[in-house]
Amino acid sequence: MQLASARRKQPEIDAAVAEAVKELAPSVHHIRWEIGEDWSGDGALFLRIVLSDDATQGKRLGKTTRRVSALLLEKLEPLNLDLLVYPSFRSRSEQTSIRDKAWA
């Protein structure tokens with residue numbers, strides 16, 4: 001039931017993610033997302049976040065990932081998705097090297 005309800009909110013999720021990307025630029029290049037089930041069968045929102053290469057250097061990486069995660073949760077919370085949120089991060093150069101279509 002929770003997955004169907006969350007899937008009906010896809011336009012709102014798109015808007016929240018787009019707003020977050022604007023606020024997080026230039027550190028965030030783009031974010032792709034998908035609704036599904038995690039390893040235990042719980043409803044989940046999987047976020048694939050591509051960061052600028054500069055944002056992934058040294059101590060900036062931890063600060064950037066915490067900032068991105070916090071803002072995304074803030075933007076998504078009002079949607080009451082009832083999903084676990086799983087953010088994953090890559091640098092832009094890593095994505096270019098791997099060329100994973102799910103992240104593009």
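**Core and charge pairs in a predicted model**

Arginine 90 counts as buried, at 14% relative accessibility. Here buried means under 20% relative accessible area, exposed means over 50%, and partly exposed lies in between (1.4 Å probe, protein chains only). This is a predicted model, in which local features need pLDDT of at least 70 and side-chain atom pairs count only at pLDDT 80 or more, while totals for chains, interfaces and linings use all residues. Residues are numbered from 1 along each chain as its sequence is written, and side-chain values use heavy atoms, with hydrogens and water left out.

Stay with arginine 90. Its partner in a salt bridge is aspartate 100, with 3.6 Å between the closest N and O atoms. A salt bridge puts a side-chain nitrogen of Lys or Arg within 4 Å of a carboxyl oxygen of Asp or Glu. Arginine 90 sits in strand S3 (residues 84-91), and aspartate 100 lies ten residues away in the segment after helix H4 (92-98). Helices (H or I, at least four residues) and strands (E, at least two) are DSSP runs, numbered from the N terminus. Aspartate 100 is partly exposed, at 26% relative accessibility.

By this rule the model has five salt bridges. One of them joins glutamate 19 to lysine 75, at 2.5 Å from N to O. This pair links distant parts of the chain: glutamate 19 belongs to helix H2, lysine 75 to helix H3, and 56 residues separate them. Glutamate 19 is partly exposed at 40% relative accessibility, whereas lysine 75 is buried at 17% relative accessible area. Glu23 joins in as well: Glu19, Glu23 and Lys75 form a network of salt bridges. Elsewhere, aspartate 54 pairs with arginine 60, their closest N and O atoms being 2.5 Å apart. Arginine 60 is partly exposed, at 43% relative accessibility. Side chains of opposite charge can pair when their charged atoms come close.

Now turn to the nonpolar residues. In soluble globular proteins, nonpolar side chains tend to be buried together. A nonpolar core is a set of buried Ala, Val, Leu, Ile, Met, Phe, Trp, Tyr and Cys residues joined through side-chain atoms within 4.5 Å. The largest such core has 24 residues, and those with the most contacts inside it are Ile13, Val28, Ile31, Ile35, Leu45, Ile49 and Leu81. At least two core residues come from each of helix H1 (2-8), helix H2 (10-24), strand S1 (28-37), strand S2 (43-51) and helix H3 (60-76). H2 gives the most, with six residues.

Follow isoleucine 13. Leaving aside residues up to four places away in sequence, isoleucine 13 touches Ala6, Trp33, Ile35, Leu76, Leu79 and Leu81. Contact means heavy atoms within 4.5 Å.
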